[in-house]
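Please keep the sequence and the model in view while reading.

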Number of protein chains: 2
Amino acid sequence: MDRRSALLAGLLSTIALLPWPVNAAAKVQAPPVERRVLENGLVLIVVPRPGLPLVKAIALVGAGSLVEDSGQAGIAALTARLLLRGTASRSGEQMSQAIEAVGGSLEAEAERDAAAVTLSVLTKDLRLGLTLLADSLQSPTFPEAELERERRNLLASLAQRVEEPGFQAQDLFVATLYGPAHPYGRPVVGTEAELRQLRREDIIGFHRQQYGPNRTILVLAGDISLATAEPIVQEIFGNWVPVIGPPWHSPSVSVMSRGEVRTLDRKLAQTSVILGQRGIARNDPDYYAVTVLNALLGGSGLTSRLSLNLREARGLVYSASSSLAAGRLAGPFQVSLQTKNESAGEAVREVVQEIRRLRTDPVPEDELRRVKNFLTGNLPLQLDTTGKLASFLARAEYYGLGLDLATRYPGLIAVVTPEDILRVAQRLLDPQFLVIAVVGDVAAGRLTLP
Amino acid sequence: MDRRSALLAGLLSTIALLPWPVNAAAKVQAPPVERRVLENGLVLIVVPRPGLPLVKAIALVGAGSLVEDSGQAGIAALTARLLLRGTASRSGEQMSQAIEAVGGSLEAEAERDAAAVTLSVLTKDLRLGLTLLADSLQSPTFPEAELERERRNLLASLAQRVEEPGFQAQDLFVATLYGPAHPYGRPVVGTEAELRQLRREDIIGFHRQQYGPNRTILVLAGDISLATAEPIVQEIFGNWVPVIGPPWHSPSVSVMSRGEVRTLDRKLAQTSVILGQRGIARNDPDYYAVTVLNALLGGSGLTSRLSLNLREARGLVYSASSSLAAGRLAGPFQVSLQTKNESAGEAVREVVQEIRRLRTDPVPEDELRRVKNFLTGNLPLQLDTTGKLASFLARAEYYGLGLDLATRYPGLIAVVTPEDILRVAQRLLDPQFLVIAVVGDVAAGRLTLP
């Protein structure tokens, strides 16, 4: 294949992924996103997207705060940050030097369900980049001095977090909703008391237990083909030894028996409110119906119901939005807003009113159509860079959704009916069970339970 | 041209832009980034980058805080935000509805030197998107209710800003360095007193004076060609009437006669420090030498001199970095760091020590090579999305740097010599003239003037 054809073939393979109709001829020509599983269990996904001589890589490892043992809140965050601060073959400083010398970037961070190491390099530096990435996952050394530095930095982040009313409300909300024993009940960065107590041995143990090829999805996207990538990945990652044991445990949590209002009194000009309930897991069959429900309520920008009511009609807020954080477990389905202290009570009552309406009144067809168009039209813009596409595919694989998810997405949204919306609203949103977290000048807020 | 050829031609036109060697054949085939000037002065730049059926647009208008009259700090920010909140043909709500109904996005924000309106849409919705964009620039109506809402929101941002030590140090630093009469001496969001006094008439006047086709650069990038774009842009923007008067005035500012330490005493666990001097304008011939100087000092990540000294060798900081904000006028060249209160004095002394060294000791060849590789290798990663490329080209045009800047950049960096570094360090960094802004527990910080 000459260079022109190779470019074109790669381009079409990208097009085949996209969530809009392409003609049949193009579909036949297009090699799909390719997936291989190494013998040690590592899943390799390659997405050719030529045009620029760059490769973006993401390694998603099942080592987020979800799998932290009790008493070790923050260990996932601390471990992930330390991956880049020294390995068997390079000190932290040497790793920085190696990647910065070619203008690339390598970053590591834990999230709730997974840890992610991301790499950007010119194609010519791919082997170097993947070697650094593999070292960071396979042979981090966790030097004491680096550990103390990263611990201090996480503690400083936590201290700043406590100053910020939006984060305070969020932390209060999830702590109330999930309780302290559930990993979704605290921020990924952990808690001060537990962060202070983590020892180097704990981190070595966490890494040994949670980081392994059979917990890792590696996506390479950009100026790359499976033919080029597979031998390099096999060579660099092939000897990594699998970990044993279940990838995660479901925490045993009590069912919420009633709603609760939690307030934190601070002399602030504005009140921050987060309210909601436990939502659903990412692989729940109702996921797409709840996605549409969320877009209707507050997830489609300035034309969602919360915006039209609280912002446009009543002028209570600058913005009010809702979000669904579906993960391995049922993450929160929540509404977030800021308002003047005096308006907090009214704002909460209006949100509850909108929730009631979703449970009782079928959604008008034209509103449903508008929201579906928003979701379907917006997806390509969410996948408009190679880095975003790599991240999307890693998560599609991680949650078992299929690598053709983007193509199927419009269909999954299209079939949602007004009856589905009523059903999932009744399932997930019940004013009696709402947890409401409020940070602000509470006396001025005249809050009353809805 | 059939579809395959069209795709390929577009792809090559993108490649021609890139800052690395391509073979001569590809260069000959590649149509360059194309540029047209409408009769009313609007500059249209089209960058075909096919692959996804998306277009990214940015309209850069010379209406940043740079051109605010005295007493009107914040008017650029307020005006930009109101562009999307109502035009002659649609209310703010209708504008949101129109763009959200197709899943696109339209945003407006003022920066220091310019205001930027950015658009993302599927190709099929390009006409709609450009119409909304053009309306927002040409016929905003600035309704009173929207004005009050955006004013309240900017005031709330300002109130939050004052809580955040990093922003406080930054604001104190630029206020001291430039004084209140200079637009670079305050944040773009303005000041509380002046924001409160802005009237609707002021905003209408600012818009009439500053927004015009002859102050506007419109870049369209993605699934688009000049042949398609030009007639639409001509139709939609062609009747926009130019503004008169000079695009900006150089503020008359005094030369700093000496350095100054400004402190703000707050009981915080960490001290935030910003120190530096006035730098250079973007079109200064020394720009590339100063770029290398900045990378050496603190602009190349964890392997710059500040990181190696303050972070690795002394453990004083988690990170310390330097930056150069070159604009129409000479923006600040500054160092930013956070440290324990007790270490603030030592950290500042070490920064000053590094500055002295840059003024006296020629940079070793291998260090210079490493830093140049960082800058040259990093540029493609800075331009790795269609949106970033559009923004880069808009700014290259705005500052008169040439649309082939990315191609010339490696050469401009390569020619910088150790003597150039000494010269620009002596020109721009003088310990006697440093402005040092400190926010933290000052008594504990044991600060002494360097």
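How many aromatic pairs are there over all chains? In this predicted model, the count comes to 10 aromatic pairs over all chains.

## Aromatic pairs in chain B

One of these pairs joins B:Y178 and B:Y184, whose ring centres are 5.9 Å apart and whose planes stand at 80°, so the pair is edge-to-face; an angle over 60 degrees is what places a pair in that class. Both B:Y178 and B:Y184 are buried.

A further pair is formed by B:Y288 and B:Y409, with ring centres 6.2 Å apart and planes at 75°, so this pair too is edge-to-face. B:Y288 belongs to helix α11 (residues 287–299) of chain B, while B:Y409 belongs to helix α16 (residues 405–414) of chain B, so the pair ties together parts that are 121 residues apart in sequence. Are these two residues buried or exposed? B:Y288 has a relative accessibility of 12% and therefore counts as buried, and B:Y409, also at 12%, counts as buried, because the cut-off for a buried residue is under 20%.

## A cluster and charges over rings

In chain A, ring pairs link A:Y287, A:Y288 and A:Y409 into a cluster.

In chain B, the residue B:R282 lies over the face of B:Y287, and its distance from the ring centre is 3.6 Å.

## Where the chains meet

The size of an interface is often given as the accessible area lost when the parts come together. Here chain B and chain A bury about 5,000 Å² between them, and 58% of that area is on carbon and sulfur atoms. Within the area that chain B buries against chain A, the residues B:E100, B:R149 and B:Y318 supply 13%, more than any other three residues. In terms of contacts, 57 residues of chain B touch 58 residues of chain A.

Between chain B and chain A the count is 8 salt bridges, and one salt bridge joins the side chains of A:E312 and B:R149, with 3.4 Å from N to O. There are also 16 residue pairs in polar contact between the two chains, counting pairs with both residues at pLDDT 80 or more. Several elements of chain B give two or more residues to the side that touches chain A, among them α1 (3–15), β3 (54–61), α6 (144–163) and α14 (365–382). The largest share of that side, 7 residues, comes from α14(B).

Conventions. Residues numbered from 1 in each chain as written. Chains lettered and ligands numbered in written order. Predicted model: local features only at pLDDT ≥ 70, side-chain atom pairs only at ≥ 80, totals over all residues. Heavy atoms only, no water. Phe/Tyr/Trp six-rings, centres within 6.5 Å; stacked < 30°, edge-to-face > 60°. Buried < 20%, exposed > 50% of the residue type's maximum accessible area, 1.4 Å probe, protein only. Helix = DSSP H or I, 4+ residues; strand = E, 2+ residues; numbered from the N terminus. Lys NZ or Arg CZ within 6 Å of the ring centre and 35° of its normal. Contact = heavy atoms within 4.5 Å. Buried area = accessible area lost by both parts, 1.4 Å probe. Salt bridge = Lys/Arg side-chain N within 4 Å of Asp/Glu carboxyl O. Polar contact = N/O pair within 3.5 Å; in protein donor to acceptor, adjacent residues only side chain to side chain.
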